[in-house]
Amino acid sequence: VMAGMLEHWRLALHQMHRFANQPVRCNGERYWDFLRLWHDITEGLRRAVAEYGASWDGVGVDTWGVDFGLLDERRPLLGNPVHYRDGRTHGVMKSTFERCSQPEIFASTGVQFMELNTLYQLMAMQQQSSPQLKMARTLLLMPDLLHYALSGICSAEYTIASTTQMLNANACDWDRDLLERLNLPARIL
């Protein structure tokens, strides 16, 4: 957690709290340790308040793209977000391309093809008949999930959404046609 402020017309950054971001393995899957991260983020914010007071202009979150948390209709987190280094997406791209071709996906999204992309994580959940995917009402990418935890506001920030391979780069909106062809729930975006 860094505190940033203008000092003599220059941005100055001050470290408030440094902590590890280690994935956790459980039952053969790799997860983000979301509650540990939340604890450390709030500790850093407490230190910033102690050092600089509670009057801030804003809070920003920067994380790795592609990973997400799913919320139900009451908006609690349905489970710990799965980490992009988890193996659940192995082989999923091939089955996805059988339903929508690689050139079609690239023409719409312009995103590099990697098994860890959000699109393939959701396809893996669909192929595994994930109860979380069926119960989900909202998908928030990791920085948006942390913003939600801090503010209570659910939103999808455009630049992080562009990492998912589900955003139509030409329309600057979710590619609902692609999601429909892949039988993925666009209602959660």
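Guide: Buried means under 20% relative accessible area, and exposed means over 50%. Keep in mind that this is a predicted model.

Visitor: Which residues in α1 are buried?

Guide: In α1, the buried ones are Phe-34, Leu-37, Asp-40, Ile-41, Thr-42, Gly-44, Leu-45 and Ala-48.

Visitor: What covers the buried residues of α1?

Guide: The cover includes α6. Phe-34, Trp-38, Ile-41 and Leu-45 of α1 meet Met-142, Leu-145, Leu-146, Ala-149 and Leu-150 of α6. That contact has nine nonpolar residues, with no polar and no charged ones.

Visitor: How do the axes of α1 and α6 cross?

Guide: The axes of α1 (residues 34-52) and α6 (residues 142-151) come within 12 Å and cross at roughly 55°. An angle of that value makes α1 oblique to α6. The crossing is right-handed.

Visitor: What span should the 19 residues of α1 have?

Guide: At 1.5 Å a residue they should span 27 Å, and the end C-alpha atoms of α1 are 26 Å apart, which agrees.

Visitor: And what follows α1?

Guide: Gly-53 follows α1, with a positive phi near 90°.

Visitor: Different topic. Is Pro-131 buried or exposed?

Guide: Pro-131 counts as exposed because its relative accessibility is 56%, and the cut-off is over 50%. Pro-131 sits in helix α5 (residues 131-135).

Visitor: How far apart are Pro-131 and Trp-38 in space?

Guide: They are 25 Å apart, C-alpha to C-alpha, and 93 residues apart in sequence.

Note on methods
Residues are numbered from 1 along each chain as its sequence is written. This is a predicted model: local features need pLDDT of at least 70, side-chain atom pairs count only at pLDDT 80 or more; totals for chains, interfaces and linings use all residues. Side-chain values use heavy atoms; hydrogens and water are left out. Axes are lines fitted to C-alpha atoms, for helices over the stretch in contact, and angles run from 0 to 180 degrees between N-to-C directions. Helices (H or I, at least four residues) and strands (E, at least two) are DSSP runs, numbered from the N terminus. Angles under 35 degrees count as roughly parallel, over 145 as roughly antiparallel, 65 to 115 as roughly perpendicular and the rest as oblique. A crossing is left-handed if the near helix is turned anticlockwise from the far one by less than a right angle, and right-handed if clockwise. Contact means heavy atoms within 4.5 Å. Ala, Val, Leu, Ile, Met, Phe, Trp, Tyr, Cys and Pro count as nonpolar, Asp, Glu, Lys and Arg as charged, and the others, Gly among them, as polar. Buried means under 20% relative accessible area, exposed over 50%, partly exposed in between (1.4 Å probe, protein chains only). The expected span of a helix is 1.5 Å times one less than its number of residues.
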